[in-house]
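Please keep the sequence and the three-dimensional view at hand while reading.

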Amino acid sequence: RELARLSHSSLRGWDREHVLQLLAAFPPVLLQHLRSGRGRGSGKQREALKGLLSESDVDRIWASRHRPMCVLRMISAIVRSAFTDIPKLARRFGDTDPRGTKFSPFEISIIKAEVGRTVDSSERNIAALVSSVSAAERIVKTAIPKSYSKHTSRFLSVWLFSLPLVLLEQMSWRCVPAVAAITWGLLSIEEVGNMVEDPFNAP
């Protein structure tokens with residue numbers, strides 16, 4: 001969000017639109033990467049990406065081994081180019097103010113400081129996105145032992161099947177709705193736990 005704000009306020013023309021397009025494409029590209037790893041993804045995913053980016057951008061990202069990082073490298077390159085390309089800077093700032101007066105040394109130093117601040121802030125935000133990608137990949141690669149999930153499920157099933165035998169004498173027919181409610185609650189908690197273990201493949 002902060003990077004989008006900086007793009008709106010600091011970039012101009014196609015550079016701004018290009019960065020905003022790439023930022024909009026970054027979440028689905030990252031999700032696809034986390035779900036499939038180095039898998040190539042489906043044709044539907046590629047077609048959906050074409051609704052956000054130009055065909056050349058989609059081809060470049062799709063051919064990359066690490067698609068989220070490719071998107072971030074493209075954003076970083078656009079920001080760097082916007083503030084280091086002399087013709088672009090000349091068109092944007094010129095050498096006179098709106099009244100036609102040449103910039104004073106003080107005004108030039110302010111412009112330089114603003115350009116430096118914007119580049120540094122953009123790079124910090126891109127670095128934060130890179131860190132987020134790394135953190136998400138660590139979550140995916142931290143495997144939960146299958147025996148843990150199976151053991152939990154089996155123990156819960158045995159406990160729920162034996163619960164009516166304990167409650168029948170004390171609650172009579174009322175044990176039926178009671179067991180149903182307890183079963184629903186515990187099985188729902190177990191399902192939520194399974195989703196938390198693998199959040200990126202949750203439906």
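## Salt bridges, helices and buried residues

Arg-16 and Glu-17 are joined by a salt bridge, in which the closest N and O atoms are 3.8 Å apart. The model discussed here is a predicted one. Both partners of this pair are partly exposed: Arg-16 has a relative accessibility of 25%, and Glu-17 has one of 37%.

How many salt bridges does a search of the whole structure find? The search finds two. The other pair consists of Arg-60 and Asp-57, whose side chains meet with an N to O distance of 3.1 Å. Arg-60 and Asp-57 both belong to helix H4, which covers residues 55-62. They are three residues apart, which corresponds to about one turn of the helix.

| Salt bridge | N to O distance | Relative accessible area, Arg | Relative accessible area, partner |
|---|---|---|---|
| Arg-16 with Glu-17 | 3.8 Å | Arg-16: 25% | Glu-17: 37% |

### The chain as a whole

The protein chain contains nine helices and zero strands. Read from the N terminus, its elements follow the order α-α-α-α-α-α-α-α-α. The chain has 203 residues, of which 29% count as buried. Among contacts between residues at least 6 apart in sequence, 61% join residues that are at least 24 apart.

### Helices H8 and H9

How do H8 and H9 lie relative to each other? The axes of H8 and helix H9, the latter covering residues 175-197, come within 9 Å and cross at roughly 170 degrees. H8 is therefore roughly antiparallel to H9, because an angle over 145 degrees counts as roughly antiparallel. By class, the contact between the two helices has 15 nonpolar, five polar and two charged residues. On the H8 side, the residues that take part include Trp-159, Leu-160, Leu-163 and Pro-164. On the H9 side, they include Val-179, Ile-182, Leu-186 and Glu-190.

Leu-160 is placed in helix H8, residues 146-171, and is buried, with a relative accessible area of 9%. Which residues does Leu-160 touch once its neighbours within four places in sequence are left aside? They are Ile-182, Thr-183, Leu-186 and Leu-187, and these four are among the H9 residues that meet H8. The C-alpha atom of Leu-160 is separated by 7.7 Å from that of Val-179, a residue 19 places away along the chain.

The loop between H8 and H9 contains Ser-172. The phi angle of Ser-172 is near 55 degrees, a positive value in a residue other than glycine. Ser-172 is partly exposed, with a relative accessible area of 40%.

Leu-23 belongs to helix H2, residues 13-36. Its relative accessible area is 18%, and Leu-23 is buried. Apart from residues up to four places away in sequence, Leu-23 touches Leu-3, Ala-4, Ile-75 and Leu-129. The C-alpha atoms of Leu-23 and Ala-4 are separated by 7.4 Å, although the two residues are 19 places apart along the chain.

Ser-122 is found in helix H7, residues 105-141. Is Ser-122 buried or exposed? Ser-122 is buried, with a relative accessible area of 4%. Its contacts, again without residues up to four places away in sequence, are Leu-3, Leu-6 and Val-79.

### Cysteines

A disulfide is a covalent bond between the sulfur atoms of two cysteines. In this model the count of disulfides comes to zero. Cys-70 is buried, with a relative accessible area of 6%. Cys-175 is also buried, at 6% relative accessibility, and is one of the H9 residues that meet H8.

Note on methods. Residues numbered from 1 in each chain as written. Predicted model: local features only at pLDDT ≥ 70, side-chain atom pairs only at ≥ 80, totals over all residues. Heavy atoms only, no water. Helix = DSSP H or I, 4+ residues; strand = E, 2+ residues; numbered from the N terminus. Buried < 20%, exposed > 50% of the residue type's maximum accessible area, 1.4 Å probe, protein only. Contact = heavy atoms within 4.5 Å. Salt bridge = Lys/Arg side-chain N within 4 Å of Asp/Glu carboxyl O. Axes fitted to C-alpha atoms, helices over the stretch in contact; angles between N-to-C directions. Parallel < 35°, antiparallel > 145°, perpendicular 65-115°, else oblique. Nonpolar A, V, L, I, M, F, W, Y, C, P; charged D, E, K, R; others polar. Disulfide = S-S within 2.5 Å.
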